[in-house]
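Let's read this structure together, one feature at a time. Ask as you go.

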Amino acid sequence: MNCNDIRKYFYAFIDNELDVEKNIEILAHLDMCYECSQKIEEERLLHKRVKETVCMVKAPAYLEHNILKSVAKKPNFFTLLKENLLLKSRLLPLTAIATVVIIAVSFFVIQSNLKKNDALYLAESEFHNYLKENLDPDIRSQSVKSIVEYFQNQTGLSVPLPVIKEDVQLVGAALPRIKGVQVPLIFYMHDETPIALFVVCNSDSLPGYGINIDFSRMKGVSKDNMMLYTDTGYCGSCQIIGWKEAGNEYVMISNLNSDKMMRILTKV
Amino acid sequence: MSQKDSLLIHIDALYRSAIYLVKNENNAEDLVQEVYLRAFKFLQEDKEISNEKAWLFKILINTFINQYRKDKREPSLVDFDTIESFYGSIEEEAMVSTTAENEVGLDKLQDDDVKKALEELPDDFRMAILLSTAEGFSYKEISDIVKCPIGTVMSRIYRGRRMLKEKLTNYAKKHGYERE
């Protein structure tokens, strides 16, 4: 092989890609030819120089970390909670924060309930108080007349009682202070279930004795040309129905459901 | 050592090739990250890998071609890929090269010159040089990595190196004149 033949194989020779026979041929030529051996040294040098320059570059240290992080299994919510929040050192402050949150939430929920219809809330609360005290109203009487007189004596004003069906038994009345004003509260029994009829007098006709309730916040049900307003009591087991009659607002609070309460009212 | 760790040994090699392929550090990081994501996903399928480094480079080249080179719409660079005999095709050039740049001092070259000259090469030639010269893959491995016949690989290596040498010779000469 002459120099031109040999030089065709230079790169393959440098890259160790030639078969044994060809390799020997090249080596033999290089031994004899100074020019070719110089040339191949130059190629080797260039080869080395390129390799050194390229291999100087190193991957940034964070790259491996980023790769492993991106393929790491994403822990689920409970694992994260276990790893991060439920450490002993964090348990106490966490409990404290949770307590504060619960208190705050409860406070605002109760507040919003109160704001929603605080007169109803207070009336219901009074109803529960009377129940706890085994229905110990201020006056125990089964006579409508004596109860009307009682209210008249206490307030100096006439308090009309709504008409209730006969199977509902009148048991007494009370005059608790609700939001600073005295409000007539009349107790009935129906099938051994206590019912408080909370008479909310129109404050225009009974100044100082009665508060107005905003029925518009309650669910309205039209029945026999009369609009009844229903709501769930704050305790969850009570039902409230309200209606307007002869210039007065009446609210009935009971453990009975709304339908039963409606049937008790004669007119409805 | 886990299989992931043994793949991560090649991160420097992949990164330096990626840098020369995409010519941008951020893109190189993204490219390498993508390579490992694909590789680790493959590992989950419990398939066997015989040559990890070559396999990773295969993913690298594939990803580079699919995600980066297609954006540039670079035309096919090697119009002589179809040649049947590589050595026949270079005969003329080999003869010409006997009269070339013998006295050029490569010691005058700076790293930046080499870097620049490499970056200026067409993608296919640069790939072939990175895989052969820098990473030491055999022609057979390179042929498998870039999915080309060995003849094409040899052609790319040969022409790539000639082109590179020409560029570096010019730089070296330029530095020589500047010093004078």
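Q: Is B:E119 buried or exposed, or in between?
A: Buried means under 20% relative accessible area, exposed means over 50%, and partly exposed lies in between (1.4 Å probe, protein chains only). B:E119 has 22% relative accessibility, so it counts as partly exposed. This is a predicted model: local features need pLDDT of at least 70, side-chain atom pairs count only at pLDDT 80 or more, and totals for chains, interfaces and linings use all residues. Residues are numbered from 1 along each chain as its sequence is written, chains are lettered from A and ligands numbered from 1 in the order in which they are written, and side-chain values use heavy atoms, with hydrogens and water left out.

Q: Which residue does B:E119 form a salt bridge with?
A: Side chains of opposite charge can pair when their charged atoms come close. The rule for a salt bridge is a side-chain nitrogen of Lys or Arg within 4 Å of a carboxyl oxygen of Asp or Glu. For B:E119 the partner is B:K115, with the closest N and O atoms 3.9 Å apart. B:K115 is partly exposed, at 33% relative accessibility.

Q: Where in chain B do B:E119 and B:K115 lie?
A: Helices are DSSP runs (H or I, at least four residues), strands likewise (E, at least two), and both are numbered from the N terminus. B:E119 and B:K115 both sit in helix α7 (residues 111-120) of chain B. They are 4 residues apart, about one turn of the helix.

Q: Which side chain meets B:R38 in a salt bridge?
A: That of B:E34, at 3.0 Å, N to O. Both residues belong to helix α3 (residues 25-43) of chain B, 4 residues apart, about one turn of the helix. B:R38 is partly exposed at 32% relative accessible area. B:E34 is partly exposed too, at 24% relative accessibility.

Q: What does B:D144 pair with?
A: B:D144 forms a salt bridge with B:K58, and the closest N and O atoms are 3.4 Å apart. This pair links distant parts of the chain, 86 residues apart. B:D144 is in helix α9 (residues 139-145) of chain B, and B:K58 is in helix α4 (residues 52-72) of chain B. B:D144 has a relative accessible area of 40%, so it is partly exposed. B:K58 is partly exposed as well, with 24%.

Q: How many helices and strands does chain B have?
A: Chain B has 10 helices and 0 strands. Of its 180 residues, 53% count as buried. Contact means heavy atoms within 4.5 Å. Among contacts in chain B between residues at least 6 apart in sequence, 75% join residues at least 24 apart.

Q: How many helices and strands make up the secondary structure of chain A?
A: Chain A comes to 9 helices and 9 strands. Buried residues are 43% of its 268 residues. For chain A, 53% of contacts between residues at least 6 apart in sequence join residues at least 24 apart.

Q: Where is A:S258 found?
A: A:S258 is in helix α9 (residues 258-264) of chain A. With a relative accessible area of 13%, A:S258 is buried. Leaving aside neighbours within four places in sequence, A:S258 is in contact with A:T230, A:Q239 and A:I241.

Q: How many residues of chain A are in contact with chain B?
A: 36 residues of chain A are in contact with 43 residues of chain B. Buried area is the accessible area (1.4 Å probe) that two parts lose on being put together, summed over both. Chain A and chain B bury about 3,900 Å² between them, with 64% of it on carbon and sulfur atoms.

Q: How many salt bridges does the rule find across the interface of chain A and chain B?
A: The rule finds 4 there. In one salt bridge, the side chains of B:K165 and A:E43 meet at 2.8 Å, N to O. A:E42, A:E43 and B:K165 are linked in a network of salt bridges. Over all chains, the count of salt bridges comes to 16.
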